[in-house]
Amino acid sequence: MKKKGFGTAPVFLTAISTILGAILFLRFGMAVGNLGFFGTLAIILLGHLITIPTALAISEIATNTRVEGGGEYFIISRSFGLNIGATIGIALYFSQAISVAFYVIAFTEAFEPFFSWIKNSYDIALPRQVISIPALLLLGVLILKKGADIGVKTLYIVVAVLFISLALFFAGEPSIVEAGSGTNFVFSNQDQFFVWFAICFPAFTGMTAGVGLSGDLKNPKKSIPRGTLLGTIIGMLIYIAIIYKFSISLSSEEMSSNQLSMANVALLGGLIIPLGLGASTISSAIGSVLVAPRTLQALSVDRCLPANKLNKWLARGKGDTSEPYNATFVTMSIAFFFVLLGEVDFVAQIISMFFMITYGSLCLISFLNHFGASPSYRPQFKSHWLISLGGFVLSLWIMFKISALFALLACIVIIMTYLYLNSVHKERGGLQNIFSGALFQLSRRIQLYLQKNKNKSADAEEWRPSVICISTNSFARSKVFDLLKWISYKHGFGTYFHFLKGYYSKATNEEAKTIVKQLIEDQSDNKSSLYLDCMISPSYTSAIAQAIQSPSISGMENNMVVFDYKRKDSEAISDILDNISLTHAGNLDICVFSDSDTNTHFKNGIHIWIKPTDVLNANLMILLGFIIMSHPDWRKSYVKIYSVCKKNEVELTRQQIKTLVQNGRLPITMSNIEILPSNEDVSVKKMIHEHSMRAGLTIIGFMEEQTKHSGSEVFTGYEDLGDILFVTASSKQAIE
């Protein structure tokens, strides 16, 4: 049995023959004629500022990932996840398939002398399809019957013809000697730069063509970096040499008016340049027809297409090398359709956009892997993250500079394709796989930074809630999730622990994982932003002690604990009372949420009750009221403050609260502030019942000492109210 696989040469030849394609012969002379040497040099350099980072990114990722058939698609899908890979892979495939038609149509330009002779001799304007259709059919039959092996052998022949034609071009004498006077060494028509960039950029896109042979290579990790980088760099140097030769050989008028002006410079130019054009275009077509079916086959192997039967049919290979026979047939059919139309200018711009998206994606993969890769990411070839980032940013920028409309259209198509694939294959990796590693590293660095610098900026740091709750009411109809969601919506962070009583073991650990999974599923419907977890501990007190000592995943220190209980469950209050002192020992603010087990009447507002004993609590209560009010659930509601004071301190209290509101820029009017003088005959609880019975949420302060003396009475006696949040602060918070 023959040993499967090619070496580095086919990768290089496929890349260089696609790079030195139709654009080289048909458009670079015109570009020099219109923009001058330095303008065209800027096109080459800017184009390679995208292609070289992409080549480096491909080389890096290919030397880390086990590369199989599918080239760029395989690399993207194994780095980004199958859904992202398939999204870009489908766009890439159509670009490659239509490129076959593009190169075949360009191939007909090599027969311009023939078409001119027919027109002059017989006055017959033959359509280009008389050449392009037979050429495509012959190419299709050749590839279908002989496969990649004959394609690679043909590459050797056409590349030889291509380089002979280039050698004769460089050996040629100027047709106008005076043209070498230096008038072409300018940057003219700068306003047309991006127009000509869009025309010439497809010349550089061939540098990834050889990657598509990944499944047919003996050693992809060796051949892809060498062949791709060698093809890219040599191609760039040849293009610079070509525009220099143009600049010293022809006048700008002659170059800009004749798309085959190379023939005026080259030795035997009338023969060799059309021959070289034919060789370059047919070699590019061969390169595309070798690569595109392998991309489609790899997509089908991964079941990325809508129908399973279609996937199986296209994934089927022929022979020992699994030649993509069916995928080649489909590719040639697509190419035939566009050759039959004969007009690919509009489609060519879309193709360029998708190529740019592919290149930008590859650079982004490389960039993210530099910062967020797992320990298994150990490429043998390494690029630098700045190069990858530059390639990504430039790709995106150039897309919109060429055509904002086509760039936007390409992005929309990509997004719609991804959404479809993600809905069909929900189990596969999606966008979360792109950024998870990088976000992990970013989060790690931020947390370390916050820990190292928290004491330095403590004086200037504004308070924001970092709240935790430990509860057993996770799967009952508990509104504590809503409370945490309101508190952590915009200004803080919320962590909810389900309390699982018991000792840590394999069984309880598995049970905890199941609980967390269920909590995440339940809360995802509520668009909750809470971090959910499970705490295994032999007692509620030990669970509290564990939680308040653990750092918050936000990087902030936990500064508030929320206890919750159903108002009808009076026994739950005793567990809370047992742990208030423990929590206060850690200088944490404490909230006790009394769930009325009724619907929240948001439109009835948040009522805040400030008593003379709430010297430390008042500011925290007011802050919590306005933090909660910022949540969309309360968007049509309001905050009302009730302040209970001695009869002779009404005006003083009013002025103090007015100053607090003004200095703190609180969005509340004095009409929503009510000062109530205390009355020995009427208890504060009765006053609260009288004014806040229908409130959506009532916030009441309490002191730890009260719980020691009065016990559960601090939280009882409010049976007719809605939800209540009892608050005690560890220190006085500033309202600024």
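Of the 736 residues of the chain, 54% count as buried, where buried means under 20% relative accessible area, exposed over 50%, and partly exposed in between (1.4 Å probe, protein chains only). The model is predicted, so local features need pLDDT of at least 70 and side-chain atom pairs count only at pLDDT 80 or more, while totals for chains, interfaces and linings use all residues. Residues are numbered from 1 along each chain as its sequence is written, and side-chain values use heavy atoms, with hydrogens and water left out.

The chain holds 25 helices and 10 strands. Both are DSSP runs numbered from the N terminus (helices H or I, at least four residues; strands E, at least two). Contact is defined as heavy atoms within 4.5 Å. Of the contacts in the chain with a separation of 6 or more, 82% are between residues 24 or more positions apart.

An open sheet is formed by 10 strands in the order β3-β2-β1-β4-β5-β10-β9-β6-β7-β8. The pairing is mixed; two strands pair if DSSP finds at least two bridges between them. β3 (531-537) and β8 (673-677) stand at the edges. Each has a single partner strand, so one side of each is left without a neighbour in the sheet. Neighbouring strands of this sheet are turned by 20 degrees against each other on average, direction ignored. Axes are lines fitted to C-alpha atoms, for helices over the stretch in contact, and angles run from 0 to 180 degrees between N-to-C directions.

Two helices that pack on the sheet are described here. Helix α20 (residues 540-549) touches β1 (466-471), β2 (493-501), β3 and β4 (560-566). The direction of α20 makes about 130 degrees with that of β3. Helix α24 (residues 684-692) touches β6, β7, β8 and β9. Its direction makes about 160 degrees with that of β6.

Strand β6 (residues 606-610) has 5 of its 5 residues buried, so it is largely enclosed by the rest of the structure. In a regular strand the side chains alternate between the two faces of the sheet. Both faces of β6 are covered. Ile-606, Ile-608 and Ile-610 are buried on one side, His-607 and Trp-609 on the other. β6 pairs with strand β7 (residues 639-645) in the parallel sense over 5 bridges. The chain crosses from β6 through helix α22 (residues 617-629) to β7 in a right-handed β-α-β crossover. A crossover is right-handed if, with the strands pointing away from the viewer, the path from the first strand over the helix to the second runs clockwise. β6 also runs parallel to strand β9 (residues 697-701), joined by 4 bridges. There, Ile-608 has Ile-699 as its bridge partner.

Strand β10 (residues 723-728) pairs with β9 in the parallel sense over 5 bridges. The bridge partner of Ile-699 in β10 is Leu-725, and that of Ile-700 is Phe-726. Strand β5 (residues 589-595) pairs with β10 in the antiparallel sense over 5 bridges. Cys-591 stands opposite Val-727. In β10, 6 of 6 residues are buried. Asp-723, Leu-725 and Val-727 point one way, Ile-724, Phe-726 and Thr-728 the other.

Aromatic rings of Phe, Tyr and Trp (its six-membered ring) pair if their centres lie within 6.5 Å; planes under 30 degrees apart count as stacked, over 60 as edge-to-face and the rest as tilted. The count comes to 32 aromatic pairs. The rings of Phe-37 and Phe-38 have centres 5.2 Å apart and planes at 80 degrees, so the pair is edge-to-face. Phe-37 is buried at 9% relative accessible area, whereas Phe-38 is partly exposed at 40%. The rings of Trp-609 and Tyr-642 have centres 4.4 Å apart and planes at 10 degrees, so this pair is stacked. Trp-609 lies in β6 and Tyr-642 in β7, 33 residues apart. The two residues are also bridge partners. Trp-609 is buried at 0% relative accessibility, and Tyr-642 is buried at 3%. One aromatic cluster includes Phe-28, Phe-187, Tyr-239 and Trp-397.

Ser-637 lies in the loop between α22 and β7. Ser-637 is buried, with a relative accessible area of 15%. Its side chain reaches the backbone oxygen of Phe-602 at 2.5 Å. Beyond its neighbours within four places in sequence, Ser-637 is in contact with residues including Lys-603, Ile-606 and Met-629.

Terms used:
Polar contact = N/O pair within 3.5 Å; in protein donor to acceptor, adjacent residues only side chain to side chain.
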